[in-house]
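Please keep the model open while reading.

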Amino acid sequence: MFFASDDQFSSCAYNTFLSHVAIVEPLYYFAHRWLHIPNIFKMMHSFHHTSIKTLPSTSLVQDFKEHFIYIAVFGPAFLAPFILTGQNHWAVISAYLVLFDLVNAFGHTNIRLQGWIFTSKWSPLRYAFYTPEFHLFHHKYYKANYGLFMPIWDHMLGTYREYKIPTPEEAGLLPAEQQDIVFIGHNGGLGHILTCPEFSVYNVYERIHPLLVASAGGIPSHGLCRLPFPTCYEVVQGISLRGR
């Protein structure tokens, strides 16, 4: 089925790329908007959106049921060339799947890319390839930037929104030398780690609700504050010090 001769590799790769652009990209855009219908969102896609400040591993976080949606959406990239031409190459499919995951992880890296090649309205790349900030806006505000890797569908259908990750100065953070304390929060053990979306890939630990224990260093007369998170937060809020 997927064992075309090696001399057909280039044509198979080209057909797979075209299938991704012409089928997968628009199909994903509309499927993604469907996943944001409130009842559907609550049933499946909300789990992915538990990550607001994304990490590369966030790209792997989906509810189990949602995986079947993505199989149907992404499958045409390598099935369509086979159906239309009668062939595809296993190496092309393997490369497509690896590149897909790498590009998807890139979109969740939460980094600033503000060169003119990404932001100018005259740059083709602005419409042909997304940035982490494009997808981060979607994770923060939900109602825009539904596209997969190509923002062009959001531009054409009016759901594109510009977003820039604020610099520390823009976010109102004090320079390190002007801070009195630093609050450091950490997990409360294995049970808490298993509830993190990046580790709970299939959402199978949702019934585990361990006590989140936090630590804060540098609070005068306390040294190391080891308290349940809400209490520790109140302690930090209740003192007249500035920090992060």
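Helices (H or I, at least four residues) and strands (E, at least two) are DSSP runs, numbered from the N terminus. H138 sits in helix α8 (residues 132–141). This is a predicted model: local features need pLDDT of at least 70, side-chain atom pairs count only at pLDDT 80 or more, and totals for chains, interfaces and linings use all residues. Residues are numbered from 1 along each chain as its sequence is written, and side-chain values use heavy atoms, with hydrogens and water left out.

**The H138 site**

H138 is buried, at a relative accessible area of 0%. Buried means under 20% relative accessible area, exposed over 50%, and partly exposed in between (1.4 Å probe, protein chains only). Which residues does H138 contact, leaving aside its neighbours within four places in sequence? They are H32, H36, H45, H49, A144, N145 and Y146. Contact means heavy atoms within 4.5 Å. Y163 lies 25 residues from H138 along the chain, and their C-alpha atoms are separated by 9.5 Å.

Two packed helices are described by the angle between their axes and the distance between the axes. Axes here are lines fitted to C-alpha atoms, for helices over the stretch in contact; angles run from 0 to 180 degrees between N-to-C directions.

| Pair | Angle | Axis distance |
|---|---|---|
| α1 (residues 9–35) and α4 (residues 76–85) | about 120° | 8 Å |
| α1 and α5 (residues 90–106) | about 45° | 9 Å |

α1 passes α4 in a right-handed crossing. Its crossing with α5 is right-handed too. A crossing is right-handed if the near helix is turned clockwise from the far one by less than a right angle, and left-handed if anticlockwise.

On the α4 side, N15, T16, S19, H20, I23, V24 and L27 of α1 meet P76, A77, A80, P81 and T85. By class, this contact has 7 nonpolar, 5 polar and no charged residues. Ala, Val, Leu, Ile, Met, Phe, Trp, Tyr, Cys and Pro count as nonpolar, Asp, Glu, Lys and Arg as charged, and the others, Gly among them, as polar.

Towards α5, α1 uses F9, C12, A13, T16, H20 and V24, which meet A91, V92, Y96 and F100. That contact has 8 nonpolar, 2 polar and no charged residues.

α4 has buried residues P76, A77, F78, A80 and P81. They pack against α1, α3 (64–74) and α5. G86 follows α4, with a positive phi near 80°.

**Salt bridges**

Side chains of opposite charge can pair when their charged atoms come close. How many salt bridges does the structure hold? There are 2. A salt bridge is a side-chain nitrogen of Lys or Arg within 4 Å of a carboxyl oxygen of Asp or Glu.

D63 pairs with K65 at 3.0 Å, N to O. D63 is buried at 7% relative accessible area, while K65 is partly exposed at 39%.

E162 pairs with R126, the closest N and O atoms being 3.3 Å apart. E162 lies in the loop between α9 (152–157) and β1 (182–184) and R126 in helix α7 (residues 125–128), so the pair ties together parts 36 residues apart in sequence. E162 is partly exposed at 39% relative accessible area. R126 counts as buried, at 13%.
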